[in-house]
Every structure is written in C-alpha cells, then in structure tokens.
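Reader: I am new to this structure. Could you show me how to read its features, one at a time?

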Amino acid sequence: MSTSPLETSTAHVISCQRSDSASPTMTYHHSIIPIPLPIPDLVNSAAGGAHYSGAPVSDSDNGLVASPVSGEPSPSLQGDETIRDCIMADLKELYCCRPTKEIFERIWRPDAVFEDPSVKCEGYTEYAAQWFAMPKIFSESETISSRVMSFTRCPRRLVYAQTQEYTLRFLGTKKLIDSIIVVELDDDYKIIRMTDQWNGKQLRSWFGPNLLRRAKAVVTPWLIRAPKA
C-alpha cells in the first residue's frame with residue numbers, strides 16, 4: 001500500500017522526536033572552585049602561630065621566663081620571679097654571715113637537707129647551727145657575683161652560680177669560692193634540699209667522706225646553739 005507524502009512527513013517528525021528524547025542530557029551547575037586564597041600569607045601566619053604557641057622559653061642571660069608575645073615576664077611568671085628573688089635575697093643574707101630565725105621560718109622546711117663538700121645536715125637543728133656558726137668563723141663574707149641559671153616550676157628548682165669571698169676571723173686570710181647552688185622547693189616554695197657544689201663539682205658519695213660530713217653536722221649543734229624553731 002502506498003503512503004501519502006503527508007503521512008511520510010508525519011512519521012519523520014515522530015521519529016526525530018523519539019530520537020531526541022532518547023539522547024543523553026547534560027546538567028550544568030554553578031562553579032564550586034573557591035576564591036583564590038593568599039597561600040604564602042597563610043603559611044607564614046601559621047608558622048608564626050606555631051612558633052609562639054609552645055611553652056615559654058627561658059632567657060639565656062638571666063634565667064627569667066619570658067612572655068612569648070612581648071618578651072617581658074608575663075604577670076603569672078612575674079609572681080614566680082618575685083618569689084625567686086626573695087629566696088635568693090634570704091640565701092645571700094645567710095652566705096654573708098647574717099642568719100636570722102625569720103629567714104629559716106620564711107623559706108626553709110624544718111626537715112630540709114643542706115649539704116656541701118664539708119657537711120651534710122638533716123633537719124633544722126643541724127642546718128641552722130651551720131649557718132649560725134659562720135659569723136664565728138668568718139669576720140666577713142661578701143657575695144662577689146651571682147647569676148640565675150634556671151628556675152623551673154616542675155620540678156620546683158632554683159639553680160644559680162655564685163662567687164663568695166670569705167675572710168677568716170683572727171687570721172684575716174681571704175678565700176674565694178665559686179659555687180653552683182641547687183635549691184629544691186616544695187609546693188609552698190620552701191626549701192626541702194639545698195646543695196652547694198664548690199667549683200661546680202658533684203659531691204662525693206663515698207662512705208668515708210659522707211661519714212665525716214654527717215659527723216660534723218651532728219657535732220656542730222653541741223657547740224653552736226641556734227634559736228629554737
């Protein structure tokens with residue numbers, strides 16, 4: 001059967017429509033590419049933040065803990081600095097042969113230990129007697145220099161270097177002693193142990209020298225009476 005031109009045209013249109021409906025489609029979205037960022041500036045900023053976000057650092061010249069922003073001691077650390085200065089001031093009085101009961105009440109624990117190469121004292125009766133004996137042995141004692149090496153919170157410890165000049169009573173002989181002094185503190189910043197290392201040398205742990213140091217610590221309170229605690 002023959003087909004009319006109209007039917008042929010209609011069939012062609014229908015075929016095209018079907019072909020169009022079966023073809024794949026493409027959907028367009030808005031671009032999600034971010035706005036360009038100043039990457040070098042961000043990297044520098046992050047590096048700076050990482051540098052200053054750590055723990056405070058100690059100034060190598062004076063042992064002070066400095067604020068990470070301004071370089072000056074922060075308010076909380078200024079309080080620690082004040083405590084440190086008070087401790088050192090009281091210890092200077094002791095080394096300069098000016099001991100008082102108030103100093104021991106202020107910064108020493110009654111059960112504290114004090115030792116140097118000549119003596120090892122345990123408790124107030126022994127260590128106080130040593131300090132009160134010094135004015136009877138030396139006519140003068142002067143602190144030539146002192147320098148804080150470290151002052152830490154955990155553990156609570158003060159370490160400083162000191163040069164002290166002693167003048168022997170009656171003889172007038174002068175003796176210069178360089179020391180590294182290690183002061184261990186409790187939570188109330190009172191001394192629990194103090195070690196005076198002459199010339200920075202570790203104290204001997206041999207039985208003989210320790211026995212002699214303990215003997216001196218025990219005998220001195222019989223000769224020198226310190227005020228009762």
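Author: Start with Phe 170. At 80% relative accessibility, Phe 170 counts as exposed. Keep in mind that this is a predicted model.

Reader: Where does Phe 170 sit?

Author: Phe 170 is in the loop between strand 4 and strand 5 (174–185).

Reader: How do I read a phi angle?

Author: Most residues other than glycine have a negative phi. Phe 170 is not a glycine, and its phi is positive, near 75 degrees.

Reader: What is the phi of Cys 97, and where does Cys 97 lie?

Author: Cys 97 has a positive phi of about 65 degrees, and it is not a glycine either. Its place is the loop between helix 3 (75–95) and helix 4 (101–107).

Reader: Is Cys 97 buried or exposed?

Author: Buried means under 20% relative accessible area. Cys 97 has 14%, so it is buried. Phe 170, at 80%, is exposed.

Reader: How do I read a peptide bond?

Author: Most peptide bonds are trans. The bond that joins Cys 154 and Pro 155 is cis, with omega about 0 degrees. Pro 155 belongs to the loop between strand 3 (138–152) and strand 4 (157–168).

Reader: How many residues of helix 5 are buried?

Author: The count is 10 of the 14, so helix 5 is largely enclosed by the rest of the structure. Among the buried ones are Tyr 124, Tyr 127, Trp 131 and Met 134. In an α-helix there are 3.6 residues a turn, so residues three or four places apart point the same way.

Reader: What does Gln 130 touch?

Author: Gln 130 lies in helix 5. Leaving out residues up to four places away in sequence, Gln 130 touches Val 119, Cys 121, Lys 216, Ala 217 and Thr 220. Its relative accessible area is 11%, so Gln 130 is buried.

Reader: How many helices and strands are in the protein chain?

Author: The protein chain has 6 helices and 6 strands. Along the sequence the pattern is α-α-α-α-β-β-α-β-β-β-β-α.

Reader: What share of the protein chain counts as buried?

Author: Of its 229 residues, 32% count as buried. The protein chain exposes about 15,400 Å², and carbon and sulfur atoms supply 59% of that area.

Note on methods: Residues are numbered from 1 along each chain as its sequence is written. This is a predicted model: local features need pLDDT of at least 70, side-chain atom pairs count only at pLDDT 80 or more; totals for chains, interfaces and linings use all residues. Side-chain values use heavy atoms; hydrogens and water are left out. Buried means under 20% relative accessible area, exposed over 50%, partly exposed in between (1.4 Å probe, protein chains only). Helices (H or I, at least four residues) and strands (E, at least two) are DSSP runs, numbered from the N terminus. Contact means heavy atoms within 4.5 Å. Accessible areas come from the Shrake-Rupley method with a 1.4 Å probe; for residues, only the protein chains shown count as cover.
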